[in-house]
Amino acid sequence: MIRPFALPVVAVVALGACSWVEMEPQGREIRVAMPGQDLSYCERRGEVTVSVRERIGFFERNELKVRDELEVLARNEAPRLQADTVQALEEPIEGEQRFAAYRCRGGTTATRETAPAESTAGNGGAETFPLRND
């Protein structure tokens, strides 16, 4: 038999692994640039600050899941600024993070326009994409 106090603990831990942030359809089209990546060829459209709960009660949520949700929220906000690319300006702090929003496609440089997502595989970088919750 499960003790009465164990049930709330199990529920909080299970909820801590859940993702409550849904990717909006227009957010799927938004590229995420690596921090420090040169976006000088892009037009800066503004900044967005997004936040999620990093704790549930006394339990801290998985850091990777929190980062992923922050990125999804930034991607969801970018179209409102007529942006197609977001770039983190800082590390997440207590479930909050700032992103710069840019419009990079349709620029004047043809090579940048056709391939705005520069390959970072040659220099040890990686591009990330949020996990789907299907």
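This is a predicted model: local features need pLDDT of at least 70, side-chain atom pairs count only at pLDDT 80 or more; totals for chains, interfaces and linings use all residues.

Reader: What does Ala78 touch, leaving out residues up to four places away in sequence?

Author: Ala78 touches Ile30, Ala83 and Val86.

Reader: Why is Thr85 called buried?

Author: Buried means under 20% relative accessible area. Thr85 has 1%, so the label holds.

Reader: Where does Thr85 lie, and which residues is Thr85 in contact with beyond four places in sequence?

Author: Thr85 lies in strand S5, residues 85-88. Its contacts at that separation are Ile30, Arg31, Ala33, Leu39, Ala100, Ala101, Tyr102 and Cys104.

Reader: How do you know that Thr85 and Asp84 make a polar contact?

Author: The cut-off for a pair of N or O atoms is 3.5 Å. The side chains of Thr85 and Asp84 are joined at 2.9 Å. Residues adjacent in sequence count only if both atoms are side-chain atoms. This contact is between side chains, so it counts.

Reader: Which way do the residues of S5 point?

Author: Thr85 and Gln87 point one way, Val86 and Ala88 the other. All are buried.

Reader: How do you know that S5 pairs with S1 and with S6?

Author: Pairing takes at least two bridges. S1 and S5 have three, and they run parallel. S5 and S6 have four, in the antiparallel sense. Both counts meet the cut-off, so both pairs stand.

Reader: Which residues stand opposite each other in these pairs?

Author: Val32 has Val86 in S5 as its bridge partner. Gln87 stands opposite Ala100 in S6.

Reader: Why is the link between Cys42 and Cys104 called a disulfide?

Author: The sulfur atoms must be within 2.5 Å. Those of Cys42 and Cys104 are 1.9 Å apart, so the pair qualifies. The structure holds one disulfide. Cys42 sits in the loop between strand S1 (31-33) and strand S2 (43-51). Cys104 sits in the loop between strand S6 (96-103) and helix H3 (110-114). The two are 62 residues apart, so the pair links distant parts of the chain.

Reader: Why is this disulfide called right-handed?

Author: The torsion about its S-S bond is about 110°, so the disulfide is right-handed.

Reader: Are Cys42 and Cys104 buried or exposed?

Author: Both are buried.

Reader: What does the protein as a whole come to?

Author: It has three helices and six strands. From the N terminus on, the elements run α-β-β-β-β-α-β-β-α. Buried residues make up 31% of the 134 residues. The protein exposes about 8,800 Å², with 55% of that supplied by carbon and sulfur atoms.

Methods
Residues are numbered from 1 along each chain as its sequence is written. Side-chain values use heavy atoms; hydrogens and water are left out. Buried means under 20% relative accessible area, exposed over 50%, partly exposed in between (1.4 Å probe, protein chains only). A polar contact is a pair of N or O atoms within 3.5 Å; within protein, one must be able to donate a hydrogen and the other to accept it, and residues adjacent in sequence count only if both atoms are side-chain atoms. Contact means heavy atoms within 4.5 Å. Accessible areas come from the Shrake-Rupley method with a 1.4 Å probe; for residues, only the protein chains shown count as cover.
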